[in-house]
Structure formats: C-alpha cells, structure tokens
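Work through the exercises below with the structure at hand. Each task is followed by a solution in steps.

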Amino acid sequence: MFDELSTWLDHVLDQAIPNEVVAFCFNLYEDGHNRWSMEVVGTDYFDADDGDWGCDEVTDFGTRENCYTWEAAKEWDEILNEIISHLKSYLESGTYAALLKEKSGIGVGFVDGDIEIIYQQ
C-alpha cells in the first residue's frame, strides 16, 4: 500500500502550492463495504490546539475528485493508524517530504473526527 500511496501523493504534490497554504490535512472517509478514501487539503491556518484548523481550506489539490482509495476489512482506528504510519514513512523518504515539512503542520483524521498531528514545526 505504501508504494501506491507514495505514487498518488507524488502526483498530487507535483504542482504549485498556493502561497496561502500553511498546513496540510489528510482527510479520511469510510465509504462503506470495506472501502476507504483519502484527500489532502492545504489550509491557511494551523493551530495544534484548535481541532478545526483543517476546515480552513485553501485548496484540495484536485484530490476531492481524485481521492486515494483502497479496500481493507479493518476498523476505522486500524485504518487511521495504518495511514499515519504510511504518511510518517513518506515524511522520512518521500519525494515531496521536504515540501510538506516546510509548512507549519501536517494532520490526518476522519472528516467527522479529531485530527492527529503527525508533524509540526
């Protein structure tokens, strides 16, 4: 899964990032029938103590129409932990790791839940 996710993320981030973007939020969705999807948004606000920072969206980088999707017979918390692990690996060695880490923060979570901060300057 990591290789597929990396390829998708490389494609997503291979574009100009608007200057207003100060943080990235990876939004997870449970689509039903063991299907999951993820989009990434750039926000113009970041505050690790404010769980709503991910709502201040500047761009979705086209990922709302081109989500990363996969199938897995797992519970939501297992999916969250798996994605966090993959994204942390990407932040260590991914093509655009430096681009992501030059912003104030990076979070991931289900759209109706809390955002887990996986990187913060």
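A residue counts as buried under 20% relative accessible area and as exposed over 50%, with partly exposed in between. The model used here is predicted.

**Exercise 1.** Classify Phe110 and Trp76 as buried, partly exposed or exposed.

Solution. Phe110 has a relative accessible area of 14%. The limit for buried is under 20%, so Phe110 is buried. Trp76 has a relative accessible area of 48%.

**Exercise 2.** Determine how the rings of Trp76 and Phe110 are arranged, and which parts of the chain the pair ties together.

Solution. The structure holds six aromatic pairs. In the pair of Trp76 and Phe110, the ring centres are 6.0 Å apart and the planes stand at 85 degrees. Planes over 60 degrees apart count as edge-to-face, so this pair is edge-to-face. Trp76 belongs to helix α2 (residues 76-93) and Phe110 to strand β5 (residues 105-110). The pair therefore ties together parts that are 34 residues apart in sequence.

**Exercise 3.** Describe how helices α1 and α2 are placed relative to each other, and which residues make the contact.

Solution. The axes of α1 (residues 2-13) and α2 come within 10 Å and cross at roughly 60 degrees. The two helices are therefore oblique to each other. The crossing of α1 past α2 is right-handed. From α1, the contact uses Phe2, Leu5, Ser6, Leu9, Asp10 and Leu13; from α2, His86, Leu87, Ser89 and Tyr90. Sorted by class, these are six nonpolar, three polar and one charged residues.

Notes. Residues are numbered from 1 along each chain as its sequence is written. This is a predicted model: local features need pLDDT of at least 70, side-chain atom pairs count only at pLDDT 80 or more; totals for chains, interfaces and linings use all residues. Side-chain values use heavy atoms; hydrogens and water are left out. Rings of Phe, Tyr and Trp (its six-membered ring) pair if their centres lie within 6.5 Å; planes under 30 degrees apart count as stacked, over 60 as edge-to-face and the rest as tilted. Helices (H or I, at least four residues) and strands (E, at least two) are DSSP runs, numbered from the N terminus. Buried means under 20% relative accessible area, exposed over 50%, partly exposed in between (1.4 Å probe, protein chains only). Axes are lines fitted to C-alpha atoms, for helices over the stretch in contact, and angles run from 0 to 180 degrees between N-to-C directions. Angles under 35 degrees count as roughly parallel, over 145 as roughly antiparallel, 65 to 115 as roughly perpendicular and the rest as oblique. A crossing is left-handed if the near helix is turned anticlockwise from the far one by less than a right angle, and right-handed if clockwise. Contact means heavy atoms within 4.5 Å. Ala, Val, Leu, Ile, Met, Phe, Trp, Tyr, Cys and Pro count as nonpolar, Asp, Glu, Lys and Arg as charged, and the others, Gly among them, as polar.
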